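Keep the picture open while you read.

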Amino acid sequence: MAVTSMDPESARTSQPQGSLGKGGGSLLSGRGLGSALGPRGKHYVCGSIAAFTNIVVTFPIQKVLFRQQLHGVRAREAVRQLQRDGVRKLYRGLLPPLLQKTTTVAIMFGLYEDFSRVLLDQVPTGSGIPELVTRSSAAALAGTAEAVLTPFERVQTLLQDHRHHGRFHNTAHTFRTLLSEYGVKECYRGLVPVLIRNGPSNVLFFGLRGPIKEQLPESSSRAGNLVNDFVCGGVLGAALGIMFYPLNVVKSRAQSQVGGAFRPCGEVLMTVWRERGGSVAMLFRGAHLNYHRSLLSWGIINATYELLLSVLKGGIESERDKK
């Protein structure tokens, strides 16, 4: 099952587009929006909408997981903490991940396509450089670019940490406080683990998405393709979530601190390790919930992205046929 191409288009099973617009206007068929966005902008828009859908559905699960990462408690205790906080605070901290994730996923898919196109155009014919290398570089660059939005993860961490409920009121207030009292640098606390996580995870996601889907039963129906895309994205997201889980623990611990020295990743990891008795199981406390959340999240993202992309692609092709 060698990976010969990281192009998600190559792994997508073609499906009839004519039925997508039956009984609806140009927006449902994707013609108007697809034509306006063009072949490049569609990847950004599809990624953004897919992320929005995912965040709204999975945010409560993410809050339980965050409490486990930060305090090393069991899922039941994390749920009790949220119950004590009350229903009104259940979606507290939603805006930062909503802004951050809709933008980063748009960047992830959009910049990957853009970087791939640019890099492939720059590779001389007959140079012998495998396409896999070029697309891996594009994926890593896209992941690195996502790290620009680390301040949203930073604010999300502070709003979800009950120890800061009395100090930070909402997203805007948290940003103002950090900037006025500590400066821009404080907003990027935890940047290093984010960088270490984003590049490799993007390379693996885009590199394995096609081969995994090729192993699933082929389907010519829209519903079948939707299920395959959900399974493909979910399996990859869950596996990568487990692989990079310790980095997320380090990030959560680092970003829960306000003010003071910026500690190296290794030092933060060793602190957590000692606090949890040098136990690998304790270090991965919450990983099982993260697995299921990632399975659901990336299944939703991948399936929604592919569905929207097929609608917009059909609209663009329809406009071309008219011309």
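**From one histidine to the whole fold**

Once you set aside its neighbours within four places in sequence, His 173 is in contact with Arg 167 and Phe 168. You'll find His 173 in helix H8, which covers residues 171-181. Is His 173 buried or exposed? Its relative accessibility is 18%, and the cut-off for buried is under 20%, so His 173 counts as buried. Keep in mind that this is a predicted model.

Now zoom out. The protein has 15 helices and zero strands. Of its 323 residues, 51% are buried. And look at who touches whom: among contacts with a separation of 6 or more, 80% are between residues 24 or more positions apart.

Where do the greasy residues go? As a general rule, nonpolar side chains in soluble globular proteins tend to be buried together. Here, the largest nonpolar core has 33 residues, and those with the most contacts inside it are Phe 109, Tyr 112, Leu 178, Phe 205, Phe 206, Ile 301 and Tyr 305. Several helices supply at least two residues each, including H3 (31-71), H8, H10 (191-215) and H15 (287-322). Which helix gives the most to this core? That's H5, with six residues.

Phe 205 sits in helix H10, and with a relative accessible area of 2% it is buried. Leaving out residues within four places in sequence, Phe 205 is in contact with Met 108, Phe 109, Leu 236, Leu 240, Trp 298 and Asn 302. Ala 239 is 34 residues from Phe 205 in sequence, yet their C-alpha atoms are 9.8 Å apart in space.

Ala 238 lies in helix H11, and because its relative accessibility is 0%, Ala 238 counts as buried. Not counting residues up to four places away in sequence, Ala 238 touches Tyr 291, Ser 294 and Leu 295.

Next, see how two helices meet. The axes of H5 and H6 come within 8 Å and cross at roughly 145°, and H5 passes H6 in a right-handed crossing. Among the residues that meet there are Ile 107, Leu 111 and Phe 115 from H5, and Ala 138, Leu 141 and Ala 142 from H6. What kinds of residues make up this contact? They divide into 12 nonpolar, four polar and three charged.

Finally, turn to helix H13, residues 265-275, where Val 268, Thr 271 and Val 272 are buried. Looking down the axis of H13, you'd see its buried residues fall within an arc of 95°, so they line one face of the helix. Why would that happen? An α-helix has 3.6 residues a turn, so residues three or four places apart point the same way. The buried residues of H13 pack against helix H12 (245-255) and helix H14 (280-283). Just after H13, Gly 277 takes a positive phi of about 70°.

Note on methods: Residues are numbered from 1 along each chain as its sequence is written. Side-chain values use heavy atoms; hydrogens and water are left out. Helices (H or I, at least four residues) and strands (E, at least two) are DSSP runs, numbered from the N terminus. Buried means under 20% relative accessible area, exposed over 50%, partly exposed in between (1.4 Å probe, protein chains only). Contact means heavy atoms within 4.5 Å. A nonpolar core is a set of buried Ala, Val, Leu, Ile, Met, Phe, Trp, Tyr and Cys residues joined through side-chain atoms within 4.5 Å. Axes are lines fitted to C-alpha atoms, for helices over the stretch in contact, and angles run from 0 to 180 degrees between N-to-C directions. A crossing is left-handed if the near helix is turned anticlockwise from the far one by less than a right angle, and right-handed if clockwise. Ala, Val, Leu, Ile, Met, Phe, Trp, Tyr, Cys and Pro count as nonpolar, Asp, Glu, Lys and Arg as charged, and the others, Gly among them, as polar. The arc is that of the directions from the helix axis to the C-beta atoms.
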